[in-house]
Amino acid sequence: MIVWDKRYSVGVEKLDQQHQMFISLINKLEDLTRHDTFLDELPRLLNEIVEYATLHFKSEEDLLEKINYADLAGHHEHHENIKKDIYMECKRIIEREPTAMDVMWLYNYMNNWIKHHILEVDMMYVEAFKDE
């Protein structure tokens with residue numbers, strides 16, 4: 001389970017709140033594997049994750065555009081790649097009869113991705129917001 005702590009903060013309340021929501025959705029994947037009904041609930045949760053990724057990335061990019069972030073194009077490209085990856089992994093899981101192990105694999109994939117994205121990719125724009 002991913003636990004939010006201050007090292008994940010990018011110093012922008014709206015984005016921190018969105019990151020926390022994203023983490024909450026990812027954590028629900030792990031929780032889902034503990035329920036016998038996870039197959040019934042999985043499509044809805046995966047759809048919610050994909051939709052939230054799209055919403056969050058757009059919101060983040062809009063804020064970066066407002067501050068004229070120098071690497072907005074690179075950040076956007078990263079978002080497009082991960083949206084495609086998340087969508088494809090979710091689709092791959094849904095198209096077969098997923099097991100709890102499949103869902104845990106997806107949880108671990110997203111867990112590693114979100115930590116990397118916030119701590120490595122998003123932290124690159126922190127100074128740009130401080131300069132505003």
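E127 is partly exposed, with 48% relative accessible area (buried is under 20%, exposed over 50% and partly exposed in between, using a 1.4 Å probe and protein chains only). E127 forms a salt bridge with K130, and the closest N and O atoms are 3.5 Å apart (a salt bridge is a side-chain nitrogen of Lys or Arg within 4 Å of a carboxyl oxygen of Asp or Glu). The model is predicted: local features need pLDDT of at least 70, side-chain atom pairs count only at pLDDT 80 or more, and totals for chains, interfaces and linings use all residues. Residues are numbered from 1 along each chain as its sequence is written, and side-chain values use heavy atoms, with hydrogens and water left out.

**Salt bridges**

- E127 and K130 both lie in helix 5, 3 residues apart, about one turn of the helix (helices are DSSP runs of H or I with at least four residues, strands are runs of E with at least two, and both are numbered from the N terminus).
- K130 counts as exposed, at 58% relative accessibility.
- The structure holds 10 salt bridges.
- In helix 2, D62 and K58 are 4 residues apart, about one turn of the helix, and they form a salt bridge whose closest N and O atoms are 2.8 Å apart.
- Both partners are partly exposed: D62 has a relative accessibility of 31%, and K58 has 48%.
- In helix 3, E95 and K91 also lie 4 residues apart, about one turn of the helix, and their side chains meet in a salt bridge at 3.1 Å, N to O.
- E95 is exposed at 59% relative accessibility, whereas K91 is partly exposed at 34%.
- An α-helix has 3.6 residues a turn, so residues three or four places apart point the same way.

**Nonpolar cores**

- The largest nonpolar core has 28 residues, of which F22, L29, I49, I86, M110 and I114 touch the most other members (a nonpolar core is a set of buried Ala, Val, Leu, Ile, Met, Phe, Trp, Tyr and Cys residues joined through side-chain atoms within 4.5 Å).
- Two or more residues of this core come from each of helix 1 (13-32), helix 2 (38-66), helix 3 (72-95) and helix 4 (100-121).
- Helix 2 gives the most to this core, with 9 residues.
- Another core, of 11 residues, lies apart from it and has L64, I67, Y69 and Y125 among its members.
- Leaving aside neighbours within four places in sequence, L29 is in contact with L42, L45, L46, I49, V103, L106, Y107 and M110 (contact means heavy atoms within 4.5 Å).

**Helix 1**

- The 20 residues of helix 1 should span 28 Å at 1.5 Å a residue, and the end C-alpha atoms are 28 Å apart, which agrees (the expected span is 1.5 Å times one less than the number of residues).
- The buried residues of helix 1 are L15, D16, Q18, H19, F22, I23, L25, I26, N27, L29, E30 and L32.
- These buried residues pack against helix 2, helix 3, helix 4 and helix 5 (126-130).
- I26, in helix 1, is buried with a relative accessible area of 0%.
- Not counting residues up to four places away in sequence, I26 touches I2, Y107, M110, N111 and I114.
- The C-alpha atoms of I26 and E80 are separated by 19 Å, and the two residues are 54 residues apart along the chain.

**Aromatic rings**

- The structure holds 8 aromatic pairs (rings of Phe, Tyr and Trp, the latter by its six-membered ring, pair if their centres lie within 6.5 Å; planes under 30 degrees apart count as stacked, over 60 as edge-to-face and the rest as tilted).
- Y69 and Y125 form an edge-to-face pair, 6.2 Å centre to centre with 85° between the planes.
- This pair links distant parts of the chain, 56 residues apart: Y69 is in the loop between helix 2 and helix 3, and Y125 is in the loop between helix 4 and helix 5.
- Y69 is buried at 12% relative accessible area, and Y125 is buried at 0%.
- F22, Y52, F57 and W113 are linked into a cluster by ring pairs.
- The charged end of R92 sits over the ring of W105, 4.8 Å from its centre (this requires NZ of Lys or CZ of Arg within 6 Å of the ring centre and within 35 degrees of the ring normal).
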